[in-house]
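Please read it with the model open.

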Amino acid sequence: MNQALSDLLDLLDLEQIEENIFRGQSRSAVVPRVFGGQVAAQALVAAGRTVPADRLAHSLHAYFLRPGDPGAPIVYTVERIRDGRSFTTRRAVAVQHGRPIFALSASFQLAEEGLDHQAPMPLAPDPATLPTSAERFRDYGHLDPAVVEKFLEAREAIDLRYVEEPPFGRYGEPREPHSQVWFRTNGKLDDDPLLHVVLATYVSDMTLLDSVLLAHGRGGWAVGDVVGASLDHAMWFHRPFRADEWLLYDQESPSAHGGRGLGQARIYTQDGSLAVSVIQEGVVRVPR
């Protein structure tokens, strides 16, 4: 396990300060606010720690309410909405400076058998044949080197490999609103199922709106031709997976309108199992 992954796991390991109340630390992201994936992952940790271990997370629905301050801790309060025979529901609110910045509802289920089908895995190259983020990013002479270093530092805990050029790598002409990345943690994790779900939640906020930018030939905040932020985020965890093994994140955008863009995606294990479905809407504005 590299030091960056160890630091990320420490960041996600919340301190319990009272029953149903947890405190997490913050750190700077590639933009001057807390990375949304960090807040979502920490909120899921808080919710999950109030649930019996035999109940696995199967969905989350969340709203990003205010930008997070990377210089201040985040307090998470958990409300125990329901404890049923099969399902458990929790609501977690992240608070900074006395104001909510993020709200999450999550549901957990006792494992059971049932009907089974899935959409087939799309074609994608083997991740071992693709350049690493460091190899790809350092070829982009048009980007500010400081921006490149911020990107690489933010993703040092995750081995994330783009199948094709990301929006900021080649922009200026519209492309198909579809993108793929492979990802896994840069090191092995223990067997706690919640930990793997939390890491996938963390990564899911990194690239989901890329397909919105591709549709309009925009490079994103890295080149300054759009401004934006996540608005809401939903995930459904269908089947077991490990975040320290390769996962294909297949993403597309069906719509952008009114200063907002929608991204939807599926996450597959390398052997073709559909593990997660994801939907996110974000503010995507062209600077005046």
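This is a predicted model: local features need pLDDT of at least 70, side-chain atom pairs count only at pLDDT 80 or more; totals for chains, interfaces and linings use all residues.

The points below take the sheet, a helix and some aromatic rings in turn.

1. The hairpin of β1 and β2. Three bridges pair β1 with β2 in the antiparallel sense. E18 stands opposite I21 in β2. Two residues lie between the strands of this hairpin. Check N20 there: its phi is positive, near 70°.

2. Strands β11 and β12. β11 covers residues 260-269 and β12 covers residues 274-285. They run antiparallel and are joined by nine bridges. For one example, Q264 has I279 in β12 as its bridge partner.

3. Length and burial of α2. The helix has 13 residues, which at 1.5 Å a residue should span 18 Å. Its end C-alpha atoms are 18 Å apart, so the two values agree. Is α2 largely enclosed or open? Of its 13 residues, 13 are buried, so the rest of the structure largely encloses the helix.

4. The structure holds 11 aromatic pairs. One of them joins F151 and W221, which are stacked at 5.7 Å centre to centre with 25° between the planes. F151 sits in helix α4 (residues 145-154), while W221 sits in the loop between α6 (210-215) and β9 (227-237). The pair therefore ties together parts that are 70 residues apart in sequence. F151 counts as buried because its relative accessibility is 5%. W221 is partly exposed, at 35% relative accessible area.

5. An edge-to-face pair. The ring centres of Y162 and F168 are 6.3 Å apart. Their planes stand at 90°, so this pair is edge-to-face. Y162 counts as buried at 4% relative accessibility. F168 is buried too, with a relative accessible area of 5%.

6. The ring cluster. F137, Y140, F151, Y162, F168 and W221 are linked into a cluster by ring pairs.

Terms used
Residues are numbered from 1 along each chain as its sequence is written. Side-chain values use heavy atoms; hydrogens and water are left out. Two strands pair if DSSP finds at least two bridges between them. Helices (H or I, at least four residues) and strands (E, at least two) are DSSP runs, numbered from the N terminus. The expected span of a helix is 1.5 Å times one less than its number of residues. Buried means under 20% relative accessible area, exposed over 50%, partly exposed in between (1.4 Å probe, protein chains only). Rings of Phe, Tyr and Trp (its six-membered ring) pair if their centres lie within 6.5 Å; planes under 30 degrees apart count as stacked, over 60 as edge-to-face and the rest as tilted.
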